[in-house]
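Reader: I have a sequence and a structure to read, and I am new to this. Can we go through it feature by feature?

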Amino acid sequence: MKHFLPNGDELIIRSPEPTDAAGLLASFQRLTRETDYLLFTYGESLDLEVESEEDYIQSYLDHPNQLLLVAVVQGKIIGSVNLNQSGHHKKSHTGEMGIAIESAWNNMGIGRRLMTAMLRWAEHHPDLQIIYLNVFSTNEKAMQLYRNFGFMECGRLPQGIIQRNGTYTDLVTMYKRVKPAV
Ligand SMILES: CC(C)(COP(=O)(O)OP(=O)(O)OC[C@H]1O[C@@H](n2cnc3c(N)ncnc32)[C@H](O)[C@@H]1OP(=O)(O)O)[C@@H](O)C(=O)NCCC(=O)NCCS
């Protein structure tokens, strides 16, 4: 789907192809270098290889009940959102999401658009009723984005994250019900 950013650039939101592996990996590595709000460190992201990224993309193509969308600006992948339905039958009505957009493209509404696309998809999913995510308690902007879409905090693991400089951060769980219980 095509959108236009406040600066006039075209934003495309689409499913990735295996040929996007190098671009998706490069974007993820830039992200882990510039933000401490992701679980992966930059060093860990450097251990990933294009082949494993191809497998990662292919796993979404092979499982159409899981969602991975990329955001493309100026021909480059600059962010993504994913939503993974639990593989366990007893949790099959729940899905965990993740989102990240490179800082050069923040505050232009891309997060809002990726969230909207992900939620529309979830609303039409045959099983999903609840979407949840984990966010660092210091990541006020991400939590505000989630609140804007009706996500609510439902749990907190005190000091669940240790940053590389040794400081602890709580890990907050947020959720949104996208369909009523049946
Ligand atoms: C969090 C993130 C996804 C937001 O993406 P984005 O494209 O900048 O988001 P948007 O421009 O759509 O803005 C989202 C909302 O954040 C809120 N917001 C913006 N700046 C904020 C700030 N400094 N403090 C609090 N809320 C803020 C606004 O409510 C905004 O919504 P609005 O423009 O409709 O009012 C992005 O910053 C990111 O990927 N960060 C690094 C990785 C990360 O933290 N991922 C989430 C891990 S749980």
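Reader: Let me begin with the strands. In which sense do strand 5 and strand 6 pair, and over how many bridges?

Author: A few ground rules come before that. Residues are numbered from 1 along each chain as its sequence is written. This is a predicted model, in which local features need pLDDT of at least 70, side-chain atom pairs count only at pLDDT 80 or more, and totals for chains, interfaces and linings use all residues. Helices (H or I, at least four residues) and strands (E, at least two) are DSSP runs, numbered from the N terminus. Two strands pair if DSSP finds at least two bridges between them. Here, strand 5 and strand 6 pair in the parallel sense, over 3 bridges.

Reader: What unit do strand 5, helix 4 and strand 6 make?

Author: Look at the handedness of the crossover. It is right-handed if, with the strands pointing away from the viewer, the path from the first strand over the helix to the second runs clockwise. Strand 5, helix 4 and strand 6 form a right-handed β-α-β unit.

Reader: Which strands pair in the antiparallel sense with strand 3?

Author: Strand 2 does, over 4 bridges. In that pair, Ile13 has Ala71 of strand 3 as its bridge partner. Strand 4 does too, over 7 bridges. There, Val70 is partnered by Ser80 of strand 4. Now move along to strand 5. Strand 4 (residues 76-85) is joined to strand 5 by 7 bridges, and the two run antiparallel. Asn82 has Gly98 of strand 5 as its partner.

Reader: Is strand 3 buried or exposed?

Author: Count C-beta atoms, placed from the backbone. A residue is buried if 20 or more others lie within 10 Å of its own, exposed if 12 or fewer, and partly exposed in between. Strand 3 is largely enclosed by the rest of the structure, because 7 of its 7 residues are buried. Both of its faces are covered. Leu67, Leu69, Ala71 and Val73 are buried on one side, and Leu68, Val70 and Val72 on the other.

Reader: Which residues of the largest nonpolar core touch the most other members?

Author: In soluble globular proteins, nonpolar side chains tend to be buried together. A nonpolar core is a set of buried Ala, Val, Leu, Ile, Met, Phe, Trp, Tyr and Cys residues joined through C-beta atoms within 7 Å. The largest one here has 32 residues, and Leu24, Leu69, Ala71, Val81, Leu114 and Met118 touch the most other members. Two or more residues come from each of strand 2 (10-14), helix 1 (21-34), strand 3 (67-73), strand 4, strand 5 and helix 4. Strand 3 gives the most, with 7 residues. A second, separate core has 6 residues, including Val135, Phe136, Phe151 and Val172.

Reader: What is Leu114 in contact with, leaving aside its neighbours within four places in sequence?

Author: Contact is judged from C-beta atoms placed from the backbone, which must lie within 7 Å. Leu114 meets Ile13, Leu69, Ala71, Gly79, Val81 and Ile99 in this way.

Reader: Which residue takes a positive phi in the hairpin of strand 3 and strand 4?

Author: Most residues other than glycine have a negative phi, and most peptide bonds are trans. Gln74 is not a glycine, yet its phi is positive, about 50°. The hairpin has 2 residues between the strands. Gln74 counts as exposed because it has 9 C-beta neighbours inside 10 Å. Asn107 also has a positive phi, about 65°, without being a glycine. Asn107 sits in the loop between strand 5 and helix 4. With 10 other C-beta atoms within 10 Å, Asn107 is exposed.

Reader: How many residues surround the ligand, and which are the closest?

Author: A residue is near a molecule if its C-beta atom, placed from the backbone, lies within 6 Å of it. The ligand is surrounded by 22 residues, and the closest are Tyr37, Asn106, Gly111, Arg112 and Gln144. Strand 5 (94-101), helix 4 (110-123), strand 6 (130-136) and helix 5 (140-148) each give two or more residues to this shell. Helix 5 has the largest share, 6 residues.

Reader: How many nonpolar, polar and charged residues does the shell have?

Author: Ala, Val, Leu, Ile, Met, Phe, Trp, Tyr, Cys and Pro count as nonpolar, Asp, Glu, Lys and Arg as charged, and the others, Gly among them, as polar. The shell has 11 nonpolar, 8 polar and 3 charged residues.

Terms used
Two residues are in contact if their C-beta atoms, placed from the backbone, lie within 7 Å.
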